[in-house]
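User: I am new to this structure and would like to learn how to read its helices. Please take me through it step by step.

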Amino acid sequence: MTLLLQLFINGLVQGMPLACLAVGFGLVYRSLRIFHLAMGAQFILTGYILYALMNWFNMGLMSAIPLTIILAVAFGAAIEKGVYLPFFKALLQFHQQPQ
C-alpha cells in the first residue's frame, strides 16, 4: 500500500508541470490563435537556469528559485519585445493597407 501511494504521488508531481504547460498552450492558442512555441522553450530554459544556478554557481534552492523566476520573466519579456511585438505590428500594418 505504501508503494502504491508513493507511485501515485510521484505521478502527480511529475504530471503537474506538464499539465500546466498544456493548459498554458491551450489558453494562449485560444486567445491569440498563435501556437506559442516559445512557451515550451521557456519551460525548458527555466529548468536549465535553476540547474545551472544550483550546480555551477553553488546556490541553495531557496536563493536559486527567486533568481530563476526573475531570469525567466526577463526571457519572456525579451521574446515578447523581440518576436511577438514586431510580428503583431507587421500584421496590423498589413490589415490596414487599402485594397
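This is a predicted model: local features need pLDDT of at least 70, side-chain atom pairs count only at pLDDT 80 or more; totals for chains, interfaces and linings use all residues.

User: At what angle do helix H2 and helix H3 pack, and how far apart are their axes?

Analyst: Two packed helices are described by the angle between their axes and the distance between the axes. Here H2, residues 37-55, packs on H3, residues 61-96, at about 150°, and the axes lie 9 Å apart. That angle is over 145, so H2 is roughly antiparallel to H3. Their crossing is right-handed.

User: Which residues of H2 and H3 meet?

Analyst: On the H2 side they include Leu45, Ile49 and Leu53, and on the H3 side they include Ala64, Leu71 and Phe75. By class, this contact has 17 nonpolar, 4 polar and no charged residues.

User: Which residues of H2 are buried, and what do they pack against?

Analyst: An α-helix has 3.6 residues a turn, so residues three or four places apart point the same way. In H2 the buried residues are Ala38, Met39, Gly40, Ile49, Ala52 and Leu53. They pack against H1 and H3.

User: How does the span of H2 agree with its 19 residues?

Analyst: At 1.5 Å a residue, H2 should span 27 Å, and its end C-alpha atoms are 28 Å apart, which agrees.

User: Where is arginine 33, and is it buried or exposed?

Analyst: Arginine 33 sits in the loop between H1 (2-32) and H2. Its relative accessible area is 55%, which is over 50%, so arginine 33 counts as exposed. Its C-alpha atom is separated by 40 Å from that of glutamine 6, 27 residues apart along the chain.

Conventions
Residues are numbered from 1 along each chain as its sequence is written. Side-chain values use heavy atoms; hydrogens and water are left out. Axes are lines fitted to C-alpha atoms, for helices over the stretch in contact, and angles run from 0 to 180 degrees between N-to-C directions. Helices (H or I, at least four residues) and strands (E, at least two) are DSSP runs, numbered from the N terminus. Angles under 35 degrees count as roughly parallel, over 145 as roughly antiparallel, 65 to 115 as roughly perpendicular and the rest as oblique. A crossing is left-handed if the near helix is turned anticlockwise from the far one by less than a right angle, and right-handed if clockwise. Contact means heavy atoms within 4.5 Å. Ala, Val, Leu, Ile, Met, Phe, Trp, Tyr, Cys and Pro count as nonpolar, Asp, Glu, Lys and Arg as charged, and the others, Gly among them, as polar. Buried means under 20% relative accessible area, exposed over 50%, partly exposed in between (1.4 Å probe, protein chains only). The expected span of a helix is 1.5 Å times one less than its number of residues.
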